[in-house]
Amino acid sequence: QIFQPLHTLRAAEKELLPGFHPFEWQPALKGVSSSWDLGILDGLSGWTSSVEDVPADTIARRFRYDVALVSALKDLEEDLLDGLREQGLDDSSVTGFSVTIKESCDGMGDVSEKHGSGPALPEKAVRFSFTIMSVSVQVEAEEAANVFIFQEPKPNSELSCKPLCLMFVDESDHETLTAILGPVVAERNAMKDSRLILSLGGLPRSFRFHFRGTGYDEKMVREMEGLEASGSTYICTLCDSTRSEASRNMVLHAITRSHHENLERYELWRSNPFSESADELRDRVKGVSAKPFMETQPTLDALHCDIGNATEFYKIFQDEIGEMHSRSDTPSREERRRWRAALDKHLRTKLKLKPVMRMNGNYARRLMTAESVEVVCELVRSEERRQALRELVGLYLQMKPVWRSTWPARECPDQLCRYSFNSQRFAELLSTTFKYRYDGKITNYLHKTLAHVPEIVERDGSIGAWASEGNESGNKLFRRFRKMNARQSK
C-alpha cells in the first residue's frame, strides 16, 4: 500500500503530506508567499516567466522548502518534547531552538520505465533531500553552550532523509539543474535570516535553521561550487593542491576552499583584472571557472570515499598480480585484461565476490577486508610484495573507521588518535614501494583520505554522519515507486 503513487492518496492520507501545519516566519521570508497549506508544487514554480524565458524542458516536483521543514519538525514533535524532559528543561525557560540540516543531492542514471506505461521522459533524474541532524536549545538561565535535545541516531537511513525535490534532469545539464534548484536556493537563503514560529507541544516556539550541504558526491560539489570537473589538475574540492603536488606531499594540506572564496575567484576569472593569459588566470583562481551556485560544506563524502579508494585498491591488486613494480615498459591491454580476469576469478571462487561493472558500496566494503587481501596475496608471487600489500591494506583498515563511523570519538577513539600517524606511513608506502603507480599522480579521494580527514573530524565531529548514503538509499525507493528496476550487475 505504501508504494501507491501520490495521486491515489485519499483525503484522509493527505494530512501526512507536508503543508498541514500552520506556521509563520519572522520576519516574513523574502520572495516566498506566507501560505502554509501547500502540497506538491511544480518544480519550476518560483520562476517568473518572461517572454524571453525558454521554459525548461523537464518535469520536476517539489515541496516548498519551509513547508517540508515544518512537516519534518512536526514528525519529530514527540522526540523533541522527550528530549526537553530528559534534559530536565522547563518549557518556559527555553527560548529558541536551533536546527541543523544536512542537505543531499544526487543524480540517478537510467530511470526509464522498463515496461513503459509512463510518458517518454529523459532517462536521468536528480533527487534533492534533507535530513534533520540535530536540534539544540539555548537555555535562558545559563550562558552555557547549546543543549542538544535531539540528535538523529541514524543519519544515513533513508527514513531520516526527506525528499524535497525530484526532477527528470541529467545532473550534468548544469543550466537546467540550476534553473530547478534556483528557487530552492532562494528559499534556503531567505530562511537563514529569519525565525520560524511553529507550535510544538501546544506552545509557539521559534526555530533557527543551519544548512550544511554535505551529501554530495565530488561531481556534484564541483558542479555546485563552480570548480572544473574531477579530472582537473586541481584535484581537491577542499584545498588548492594540484595533482602532482598532492602526490609529492601526500599528507600535509589544510582546508582552504570555501563558497565565499569560490565566488570571489569566479569574479576574478570573469573580469580578469590583471589581464593575464588563460593559464596564468586559471592558476590564480585554482580551477574555479563557473559561478558557484549553491553553498556546500567543504567535506568528504564517506560513501564515495569508500568506493573511490576500493577502485584504486582493485587496480593495485591487478598491478601486483602483473608485477608492475619490476617492469619499465607499459603492459598491453591484453595483459591487463588477463590480470583482471585472474583477480575476478579468484575473488569469485574464494570469497563468492561477483565482479561488478561499476564499483558500488557493497563491493567496496567486501573487497576492503583483511580476508580478501589474504586471498589476493595468493596470486602475488614475491613474499616481499605480499608483506607490503598486507601492510598497506592493514593501515587502510585502521584508517577507514575514522571517516566511516557516525561518531568517531566515541566509536573508534584509538584509530582516531593514530590517524595522522597511519596516514603518514600509508603515504610513505605509496611513494616508495608503490611508486610505479603514484609517481606524480594520485586519485582525488586518496588525497582527501590522507590529507584532510583529521581536520574535518576535528571541525565537525564526524564525516560518516554527514555522508550521502541516506539519499543514495532513497534512490532505491524512487526506483521502486517508478516500478522500474535498475539493471543489475551480471
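**A loop residue and the helix packing**

Modeller: Serine 157 lies in the loop between β6 (147–151) and β7 (162–167); helices (H or I, at least four residues) and strands (E, at least two) are DSSP runs, numbered from the N terminus. The model is predicted, so local features need pLDDT of at least 70 and side-chain atom pairs count only at pLDDT 80 or more, while totals for chains, interfaces and linings use all residues. Residues are numbered from 1 along each chain as its sequence is written, and side-chain values use heavy atoms, leaving out hydrogens and water.

Serine 157 counts as buried because its relative accessibility is 14% (buried is under 20% relative accessible area, exposed over 50%, partly exposed in between, with a 1.4 Å probe and protein chains only). Serine 157 and asparagine 471 are 314 residues apart in sequence, yet 8.2 Å apart in space, C-alpha to C-alpha.

Setting aside residues up to four places away in sequence, Phe313 touches Met368, Leu392, Val393, Tyr396 and Phe426, where contact means heavy atoms within 4.5 Å.

α9 and α17 pack at about 115°, their axes 8 Å apart (axes are lines fitted to C-alpha atoms, for helices over the stretch in contact, with angles from 0 to 180 degrees between N-to-C directions). That makes the two helices α9 and α17 roughly perpendicular (65 to 115 degrees; under 35 is roughly parallel, over 145 roughly antiparallel, the rest oblique). His304, Cys305, Asn309 and Glu312 of α9 meet Tyr445, Leu446 and Thr449 of α17. These contact residues divide into three nonpolar, three polar and one charged (Ala, Val, Leu, Ile, Met, Phe, Trp, Tyr, Cys and Pro are nonpolar, Asp, Glu, Lys and Arg charged, the others, Gly among them, polar).

For α12 and α13, the angle is about 165° and the axes are 10 Å apart, so α12 and α13 are roughly antiparallel. Ala370, Val373, Glu374, Val376 and Cys377 in α12 meet Arg386, Leu389, Arg390, Val393 and Leu397 in α13. This contact has seven nonpolar, no polar and three charged residues.
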